[in-house]
Amino acid sequence: MSHAAATDSINFVEEEERVLQLWKDIDAFQTSLKLSKGRPKYTFYDGPPFATGLPHYGHILAGTIKDVVTRWAHQSGYHVERRFGWDCHGLPVEYEIDKSLGITGPEDVQKMGIKAYNDECRKIVQRYSKEWRDIMGRLARWIDFDNDYRTMYPSFMETIWWVFKQLYNKGLVYRGYKVMPFSTACNTPLSNFECGQNFKEVVDPAVIVAFPLEEDPEVSVIAWTTTPWTLPSNLACCVHPDLTYIKVKDNTTSKVYIMMEERLSALFKSEEEYTILEKFPGKTLEGKHYIPLFDYFKQLGQQMGAFRVLVDTYVTTDTGTGVVHQAPYFGEDDQRVCLANGIITRDMKMVCPVDPSGRFTEEVTDFKGLYVKDADKEIVKNLKARGRLVHQGTVKHSYPFCWRSETPLIYKAVPSWFIRVEHAVENLLNSTKQTYWVPDFVKERRFGNWLKDARDWAISRNRYWGTPIPLWVSDDGEEVVCVGSVAELEELSGVKVDDLHREFVDPITIPSKTGRGVLHRASEVFDCWFESGSMPFGKAHYPFENRKEFEDSFPADFIAEGIDQTRGWFYTLIVVSTLLFGKPPFKNLVCNGLVLASDGQKMSKRKKNYPDPMSVVNKYGADAIRLYLINSPAVRAENLRFKEEGVRDILKDVFLPWYNAFRFLAQYARIWEQETGEKFLVNEKSREVSDNYMDRWILSFTQSLIKFVEKEMAAYCLYTVTPRLVKFVDQLTNWYVRMNRRRLKGDSGKAESKKALETLCTVIFGITRIM
């Protein structure tokens, strides 16, 4: 028994530190792995975090769930390898370096050289790894940091090449020119699921603009936009073919406009303000030409049929005027009449449009060098002066921001390498059907709905610190070679490399087989989500090593992360595994909700609206914080408002009463020993069966609890288990101990005392193992 058994008070934090020291002395985690070596395997994948920041409550919650489930599997007779993983590449690291070195664009990186830039990234990539190890250790999580996997290890990167080559050979890779969310601060396109990760409520300008018809300039089609800076690139307007549009006179100005009937409220407050002159379906407007807002692309009207009304059913009735302004390079647009572009620099400056061939249109100087916000103002001022502005206001709406730099995203067409996903939606849904999620509504609704609309995945990034895309291409783009391993690269080029980062592979060329000179590597690197989605293969260096071992334990038994990963890691895991092998990469998934500040806001370092996790651990202990988190709605994928007093209450209402029951047992067992001269020993299997009703009740209650926990843990329902454990402690202390105090003390004789003490010992030992 702990030496604390003899004392009346307990310091839980100090007790935990003693236990941690004991674990260290006997190398408890590694010893447990050695002892379980011959057992059936239970496979667990740990989602890799970035080591560019310290662990927060979200990591502690997910880490506790992972620790609980894998410990339970070990206790239930399995061998459970638990390897920690690190996401080392990508924007989080590069963005930190750009900020510290004052890098504003690709030119700055070229000046310093890719090798020097990547060396800087290497330096900070594991900046907090020691702190992670210390914090996770203090939180009693058993996870192997020594045998970790890192996406920057050459073995991991080689597997990424192999995965990509399999997809390439299946015809699932193509280079495309698509309108995509683009981070101006990070100078790279993002995939649609990255874009979905960080929406913010913002106030933007909302303007209604007039497009006078060529056939009758007194009548204007009117369109609404929240991005006035895209108006110089307008090339078309779009209406819904089947909905009703009207010709309407503004009774105040006598001007005549065309808009959707259902959207009259966008411009007029009451019926007295307008007169309807005519009604017709949207398709009546199809093909009608209008006078361009600006003259920059006037020639495209004759050459390519720009500046006319198109029809499409994506036009909605819920915002604007029912007429969509189209700048085809700046938005999802199925009817691309041509390409026009306004160049946006890293600091959100709008430079000026270019023509479709990519040449700058020199005469465009009006808005050159303005910030987007300023460009909005200048463009609105210009339109107003020319009588093309119909209405000006603001709108509060949800808008995507870059998840790394926290700057607003813009939509523009950029060349990118894509993996085909749209054709495989049914297969992805089928893979997901074979998996079990807790709670199930996340799988059925949130994830299922997201999968149904899956888009082709833009996997290339115009960056430096990442796994290079292993495509070598001829200067005319006609010959492409995809390399799937280090050995294959050596065979094709004659060059052997130990590291696959850009500075080592970019200079390597491959001789053309079709008389096109030499092939150079396509300059892009992989999206870091492609690496984390391929981690089951990468961490095993599959198929180059551990082939049988990997295939025997794939798919994994269990994964767990936060609900934000439904559009992140959960999605990329399913996509890569399904496209490669036609099956899911995991069997069971536990999805937790987000941990928010006590006021319901997002936890923010800047606002300092939450207590430092380690100060809470040092005040109340790791067990208290763990039980508080996994006994919360967060384990049912709901959000938790973190309250420090909630952790304190776990000590007061659960651990102290439980400890007091143990103290009571230790105290009276010692008295029993002193009075009888015998050693107090309890053997669960051979102890005498008590005929006391209270003993039988608490023992039966304990057995029911064990059965319940086994059943619920098999179903991964931590949210049913923990409330029952908490309630059990209450029943044990407030009913059994309280009502049997005299028997335990020996007031009813030594035999009764022994029965009560043996019962209490058995019950406390049972609940301790479960806890």
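Colleague: How many bridges join strand 23 to strand 24, and which way do the two run?

Modeller: General idea: strands of a sheet pair through backbone hydrogen bonds, either parallel or antiparallel. In this predicted model, strand 23 and strand 24 (residues 518-521) are joined by two bridges and run antiparallel. I510 faces L519 of strand 24.

Colleague: What is the strand order in the sheet?

Modeller: The order is 22-21-24-23. The sheet is open, has four strands and pairs antiparallel.

Colleague: Which strands stand at the edges?

Modeller: Strand 22 (480-482) and strand 23 (510-511) do. Each has a single partner strand, so one side of each lacks a neighbour in the sheet.

Colleague: Which helix lies across strand 21 and strand 22?

Modeller: Helix 8 (residues 154-169) lies across strand 21 (471-473) and strand 22. Its direction makes about 130° with strand 22.

Colleague: Now the rings. How many aromatic pairs does the structure hold?

Modeller: There are 46 aromatic pairs.

Colleague: Where do W23 and W142 lie?

Modeller: W23 is in helix 1, and W142 is in the loop between helix 7 and strand 2. The pair therefore ties together parts 119 residues apart in sequence.

Colleague: Are these two buried or partly exposed?

Modeller: The cut-off for buried is under 20% relative accessible area. W142, at 17%, counts as buried. W23, at 24%, is partly exposed.

Colleague: Why is the pair of Y57 and Y610 edge-to-face?

Modeller: Their planes stand at 80°, with ring centres 6.1 Å apart, so the pair is edge-to-face. Y57 sits in helix 3, and Y610 in the loop between strand 28 (595-596) and helix 20, 553 residues apart. Y57 is buried at 0% relative accessibility. Y610 is partly exposed at 22%.

Colleague: Which residues form one aromatic cluster?

Modeller: W162, F537, Y542, F550, F554 and F581 do.

Colleague: Which charged end sits over the ring of F294?

Modeller: That of R386, 4.9 Å from the ring centre. Likewise, R769 lies over the face of F765, at 4.2 Å from the ring centre.

Colleague: Back to helix 7. Which of its residues are buried?

Modeller: S129, W132, I135, M136 and R138 are, within residues 129-138. The buried residues pack against several elements, among them helix 1 (12-25), helix 3 (57-75) and strand 2 (144-150). Just after helix 7, A140 has a positive phi of about 65°.

Notes:
Residues are numbered from 1 along each chain as its sequence is written. This is a predicted model: local features need pLDDT of at least 70, side-chain atom pairs count only at pLDDT 80 or more; totals for chains, interfaces and linings use all residues. Side-chain values use heavy atoms; hydrogens and water are left out. Buried means under 20% relative accessible area, exposed over 50%, partly exposed in between (1.4 Å probe, protein chains only). Contact means heavy atoms within 4.5 Å. Two strands pair if DSSP finds at least two bridges between them. Axes are lines fitted to C-alpha atoms, for helices over the stretch in contact, and angles run from 0 to 180 degrees between N-to-C directions. Rings of Phe, Tyr and Trp (its six-membered ring) pair if their centres lie within 6.5 Å; planes under 30 degrees apart count as stacked, over 60 as edge-to-face and the rest as tilted. A charge sits over a ring if NZ of Lys or CZ of Arg is within 6 Å of the ring centre and within 35 degrees of the ring normal.
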